[in-house]
Amino acid sequence: MTANSPSVFLLMINGQIEGANFPEYDDLYCKYCFVYGHDWAPTSGLEEGISQITSKGRDSPHRLVWNFPLEITFKSTNPLGWPQIVVSVYGPDTFGNDVVRGYGATHIPITPGQHTRTIPMFVPESTSRLQKFTSWLLGRRPEFTDPKVVAQGEGREVTRVSSQGFVTLSFNIVTKDMKRLGYDTTATETTHTHTHPVAAGFGPGNQTLSM
Amino acid sequence: CLLLALSLWSPPSDLPPRPQAKPVPGSSHSESSTMRQRMKDKLKAARSEMGLPTAEEAYNFFTFDFDPEPDEETRKGQKRRTRPEGENEEGEDGGDDDEEKEEEDKEEVTEELFLIDQSADDFLVFKRAEYMGYQRRLQSENELLFTPSFLTVPASSKVPENMKPRYLEEEGLYVGERPPMSLTNQNILENRILKQEQVRWFGDDGRIMALPDPIKESSTRPPLFHIEDDLDPALQTVYRKALVSKHASQYISVGGETNGDYQLDVDVSGLIFSHHPLFSQEHVLGSRLVQLYDQHLSRQHRNLTEHLTTKLNGLRNTIGNMLEVHGGQRLTPVMQQRISEYKQEVRNTRRLRDLEQEKDRTLLKGIVKIWKEIKALRDFQRFTNTPYKLYLRREEVERASDVREYEAEIQAEVDELLDEMEEDYQRKVTEYRRQQEEWKVWRRKQRAKNKKKKKTQSQLDDNEDDEDNDDDDRTDGEAEPGPPKPKPPEEPDMEGVEKQVSEKASRIRRKPGEPILVPELTASGPITPNEQCPRGEFARREDVAKRSIFIKVLYNDKEVSRTDNRSLNSDFRVHFGQIFNLKIVNWPESIKLQVFEVLGLSTTLLADVFVPVPESSILTGSAPSEELVFSSNLRVMFDHEAVGSDVPFSFEVDGSNRQTLLTSGKLSCSVSWAVGEDDVPLAPPTTQPNGLKQLDAIASIGASGLNDMKKLGEWATESRLDPNDPNNADIMQLLKVASSGEVTAPDYFRLEQLQEEFNFVSEEDLEQSRRFRLLRLRNQEVAEFRNYKFVPAMEREVTDKVFEVRSLREIVDTKGHLDAHRALVAKHLHKIRESIINRFLIAKHHFIMSDLVQEEQVPTIGILGLNLFKLAEPKRPLKPQRKERKKVTAQNLSDGDIRLLLNIIRAYDIPVRKPSVNKPAVTSKSTRSFTETLTAGQSQRATQGSDWLLNQVQVRPFVEVSFQRSVLQTTTADGPNPCWNEDLQLPFSAPNGDYSTANLQSMKDEIFINIFDEVQYELGGDRGKEVHTRLEKHWLGSVKIPFSTIYFQSRIDGTFKVDTPPVLLGYSKERSLASDGGYDAVRSLTEGAFITLFITIEPQLVPGETIREKFESQESEGLLLASEVFERDAAVHFPDRPCLTTVININGKTVFITRYLRPLNPPQELLDAFPNSPQEATDLIARYVSLIPSLPDSVSFAGVCDLWSTCDQFLTLLAGDEEEHAVLLCNYFLSMGKKAWLIIGTAIPEGPTTYVLTYEQNRYLIWNPSSGQYYGQYDTFCPLQTVGCLVSADNVWLNTQAYTSPLRIRFDVTKAKLWKPFFSRAFPNPGLSSVQCITLHIILHLPFPKISLTCRIEKILKEKIMEWRPRNPTRWNRYCTSTLRHFLPKLELSRGRDVADEHRLELQSLLGDYRISGFPLHLPFSEVRPIVEAVYSTGVHNVEASNVEFALAVHVHAYPNNVLSVWVYLASLIRMR
């Protein structure tokens, strides 16, 4: 693999799961994992992780902050199956059972630079009202068999989900040799901050919103 | 806002005062107040604009010092200075608004108190919300708002001034129907538009412009029905079973899907003769009269004259209007063009009208003339034959107006003609002038030329100078012809025209004032009775009465039915009124009706009438009755009054004016497609086999079968279709296409017209790209590439080798086989596998809820109760129960996570070493028969017992387990009944690292459990202290367990029979001496060694659930339902008993299980082998069946299903699993007259399997079809553990007894308490036919030489053994080999039983010097690989001694139908000296 003719390109991801906005729940923690195609392989870094439990602060009654770092490098030969990060949030319910509070996934940004992503979270719904009640009672909410399900489209038509809240992630993306292999992902403006239109970020200026 | 307000009142005191904001004394109050006001305004504006300021804006607002404008700055400075003075003033006169004042007061207070300048506090204003009274608001709103009135707007205000509304429709332009809209809304809208003064929204007619109503009257889409809605019962769908079509392609059901349920209704209502040989002269005239009258009626009905006249008038009016409208103005060329077109039209119409009028007139005249003739004839012959009577009704007209109309018409025509002539004349004149001009020019040229010529000529002869130019001209004209001199056109003859017109009018039109004559024909006149007629006429009438008519209906030239005979009446009309329903299967090609006349016994064919095959849209009930004309040229003559046919006759007395008439008539009938019960037309689809493609456009106008585009085009231009009418859109489109040169409209529809634009690379390049191919293969989940990682980024890095794997797979299979037939079979099997796998892959992508979401089941009462019960359980019970381990879904596993756990507990009856004594043992050379087998053990024990006491040499067995080429072994134990009780852990890795269920299921790996004897030899220990020992291991037997079995059953626990070779050189069967009671006695019933094992996988894997796909079936719906209910009941009540009623055949269709059983003849050769001993024959057949190689379905059809092939398929494929073996064995047994059943049950190690049960000699025998072994019902070592159900050829019984073990149940299926039958009295067997062929096709002769196969196997094995011993030389003892080779056929003959002793003796005598250890292996033959594997697993090649020699012999025995049994004799020899 000489420098002139690379056979793989690298995608380095630094970032963090900054926090979440779950209006109804408290004491949540999250797990993350990556879903990627056949042509991808992590070369270094952690592929999955589980965060600390965080509670809502007194001054920020709607914000859960994890600031959980992500650091991973992928190598790949093919942009097909671009990595996605799957985040699932868990927390105790009223009876103290650990239940899932949300699943969400997003593609790793493809352009180098800093990015912020806010991903909406959802959980599968019970099939019937009775089941909803019993699952609430027993603390066994319906869960996806595999959190990675949310990163794929196949078979989702059989599920019903309800929205829960938002998780905000920030990424710093570095790529190597993408252009050499013929993939030009750099946009005209290299630094591009993306915020999900629905959710509010956690910038200092947003406090006025609480009025 | 509340928050902000609160914070205002608690200003932070610790903030340092900002110098900039300090109040500066000397600033004027007024200015400061304006400044403040401005700020306030700004704040207000900001607030009102966006609700709330953003953080940034707020910050800017507070920190920004407003200095960009210098004026502002100075003013500010002033303001600051003047401020303190103004404060009091402000307080006093501070405006009228109290609130503001108060606010400002506060501000000042804070300012003074805290010395803080303007903060947010300064700019807030608190005041009440403003209130405006209702009336006031209404008033103000009235100024702003506009309420459109709903009164109709006068048309005048909608069109531009000084314009009249113009109605396009009246001008003959197409105006579509407007969509319906309520008048009120329309008025409101119009008023609103008027208010906005956007008059352009109104059309010329003063109405709002609107597109035509886009809604079609009939829906183009089939109506959708919802299940929850109540369906009209007529629309209810009825399930009909799909039937296999028996018809070939020439039949209507081309696809084989819709069976021809088509019906043609042929309605033969009757026929009328327009001429018949038996017509009298009067009849001839009568029929002629009738014809004319019919013509008259039909003309009157169509009333073309009237129609054309009105059209003519309309056209004339239009022209008049146009001329009038544009009266004085010059006509635009377009208008002129139009007018001339109209004129042309007028001319044509007039001509047509004249023609029609003339016809009317002649017709009327003709009718009257014929009627006169009839009357004359009746008078002449003095009798009446026909009942016709003609009345002429007069309709008087008003003479004056009639004359006026007449004159006006003539005048109009004359005017027009004159106009035309004038126009014509003018045109001619202009033409003439033009020509004359041309001629003059030409002439001038000529002159000039001539002059030149003359000059030259004059030099020659001056005298002739004065000659006439004319002459010159003439000669020149002759020489080079120029345009002829035009003649001036003639003046039109104006007077003649009027004359002509009035002449014509008098010819073709009714004279003015003449009454209108309306003829009326009735058939009510009296006919002279027979008696009063002359003899000739009488004879004719007699003749008529004798005759009768019937009609044959021929469909595709085959007679399908005929009408009744109907006698001919005097009026020669025959009424049938019969409808024939033809149920048709073939395509209708022709429908023919034959008219026959019967006279006495003879019938004559009068005529053939061909009826066109109706369109599929013509249905009974709506089909019109057609009148088809027929005629025949048969010559018939009579000697009576009748005129005959093809015979000249005359009405005149003198015989002049002769006529010849042929038999002819009209047949009225209708052919149409029938309508089924539920209003479904029973017509075949329109696609006709002759390839007549109907274009949509033509069909849409109802003129089907029109194929001539040109004619169509002509017709379209002639008929002047309105191109704007959407009804004509189709045909206009068609014409456009036709005129553009393409005769056929494209009959395809392109969805992605622009696809080509976006193809960035051509199709071929894409095909050639290896990388793309790789990606595509992976995406298609082709087995080799399903988990292919890292497709290279560059095309050049993809090597062709990658694809070789795939192509290899297809080739290798055939290469690996030694015989062609098996290669073919393998190929076929591969194909089936492929297709099944594909189906499975598709099915795998259908998810259900439980695949994606884990959800707790709603607890039932039972589960709740059980949970409550559990609470009361002791925490640490004295007798703990085995808990189920947690199951692991296989998807998140990787290599090394899974282990295979084996617990080898103990073994029984391991063969013991035979002391190498030279004296021949007293062997029991009893050839045991079928029954003796059971008692044979004892005799042997007696003889061996004494040996054991004397010789301490025993056996030191250990177990070696190999799986996926990793080998582990236990410690060595002592004695023939060793106890190891050892745990072995074997690593497990899935192929390709793919731990998906599908992949694990398809693993073909097997676990080999081999028992070896560890032999210690002392080497050279004769003289020194050093004693060298060498360890050798001798193979004693093995157990093979496929991985799939463990995977599916999650654990295997039990005692297995060790597969020991029939002969073990150097070993003998040792019986445990200590016969401890009954247990041993029972066990000794069977011979062979046994091993107790426990195998499981850690962690436990969830076996993939077999997909319960609903397979299509040809069984009846009721049967399928019943079987489903039966199986479900069984699963509910006896969950551990396998129950099978329907199975899936090799085509993937569900078949009822009993169809597989049917007596089938075993190969005669096997029956003949033991003609006297049926037991032996039975044994041999079981062996024969077991020799067919076994191939588990679960391996080949991973997780899909269990496929059952029929016996002939099984014998052709020569591969199948237990079911196929069992079915074949059972069928053979049935044909041998045994009572045989299939047992559906579970066994170890196979898991769910199928065995065969037979009843003979008052006991039940259980046969293992894949090994050929049989067990008594009470045999403890019978591998069958559970009996689920029994299957015979006509019923299925479910085991409903308390126990499932064959030891504890009764096999008497007649006991209803013990066995629940599937077919009972309530649901009897519908007589299911068998799917098996009656006779099996048996190939007696081998398609290849047996010897060559033997040699090849031997060669391969020898090479392999040498290959396995890379470090040591491998010597072959040829002498021993040849000896062994002689033993093998004997072994085959005795089927491996009991030749050991002779054998050994023989060998020992021959090879006394050698220590031999060896054994024969016996295998069914499918391919070489299993043989090689088996040889490898024995480990014979591992003997490391330097002086070792080997012997290997192979024998292949062929059974009928290409079933082969392979014997491999392996031995290692070590020289003793």
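This is a predicted model: local features need pLDDT of at least 70, side-chain atom pairs count only at pLDDT 80 or more; totals for chains, interfaces and linings use all residues.
1. Two strands pair if DSSP finds at least two bridges between them. Helices (H or I, at least four residues) and strands (E, at least two) are themselves DSSP runs, numbered from the N terminus. Keep both in mind for strand β18 (residues 957-963) of chain B and strand β19 (residues 966-969) of chain B, which run antiparallel and are joined by four bridges. Together β18(B) and β19(B) make a hairpin with two residues between them. In that turn, Gln964(B) has a positive phi of about 50°.

2. Residues are numbered from 1 along each chain as its sequence is written, chains are lettered from A and ligands numbered from 1 in the order in which they are written, and side-chain values use heavy atoms, with hydrogens and water left out.

3. Now to where the chains meet. Contact (heavy atoms within 4.5 Å) involves 32 residues of chain B and 37 residues of chain A. Between them the two chains bury about 2,800 Å², with 60% of it on carbon and sulfur atoms. Buried area here is the accessible area (1.4 Å probe) that two parts lose on being put together, summed over both. On the chain B side, Phe790(B), Leu852(B) and Glu856(B) lose the most area to chain A, together 24% of what that side buries.

4. Which polar and charged links cross between the chains? There are six residue pairs in polar contact between chain B and chain A (both at pLDDT 80 or more). A polar contact is a pair of N or O atoms within 3.5 Å; within protein, one must be able to donate a hydrogen and the other to accept it, and residues adjacent in sequence count only if both atoms are side-chain atoms. The count of salt bridges between chain B and chain A is one, where a salt bridge is a side-chain nitrogen of Lys or Arg within 4 Å of a carboxyl oxygen of Asp or Glu. Arg778(B) forms a salt bridge with Asp39(A), and their closest N and O atoms are 2.7 Å apart.

5. Three elements of chain B give two or more residues to the side that touches chain A: α20 (770-779), α23 (849-852) and β14 (853-854). Of these, α23(B) gives the most, with four residues. One more link is worth a look: strand β9 (residues 143-144) of chain A pairs with β14(B) in the antiparallel sense over two bridges. Within β14(B), Gln854(B) is the bridge partner of Glu143(A).

6. Strand β1 (residues 9-21) of chain A and strand β10 (residues 161-176) of chain A are antiparallel, over 11 bridges. Strand β8 (residues 113-124) of chain A also runs antiparallel to β10(A), joined by 12 bridges.

7. Back in chain B, three strands form an open sheet in the order β28-β27-β29, with mixed pairing. The edge strands are β28 (1150-1152) and β29 (1203-1204), each pairing on one side only. Strand β27 (residues 1142-1145) of chain B runs antiparallel to β28(B), with three bridges joining them. Val1143(B) stands opposite Val1151(B) in β28(B).

8. Finally, the helices of chain B. UniProt lists residues 403-438 of chain B as "coiled-coil region" in an unreviewed entry. That span is 100% helix and 0% strand, and its end C-alpha atoms lie 51 Å apart. Arg350(B) forms a salt bridge with Glu416(B), the closest N and O atoms being 2.6 Å apart. This pair links distant parts of the chain, 66 residues apart: Arg350(B) is in helix α10 (residues 333-381) of chain B and Glu416(B) in helix α11 (residues 399-460) of chain B.

Notes: UniProt positions are given in the numbering used here, feature names are shortened, and annotations may be inferred rather than shown by experiment.
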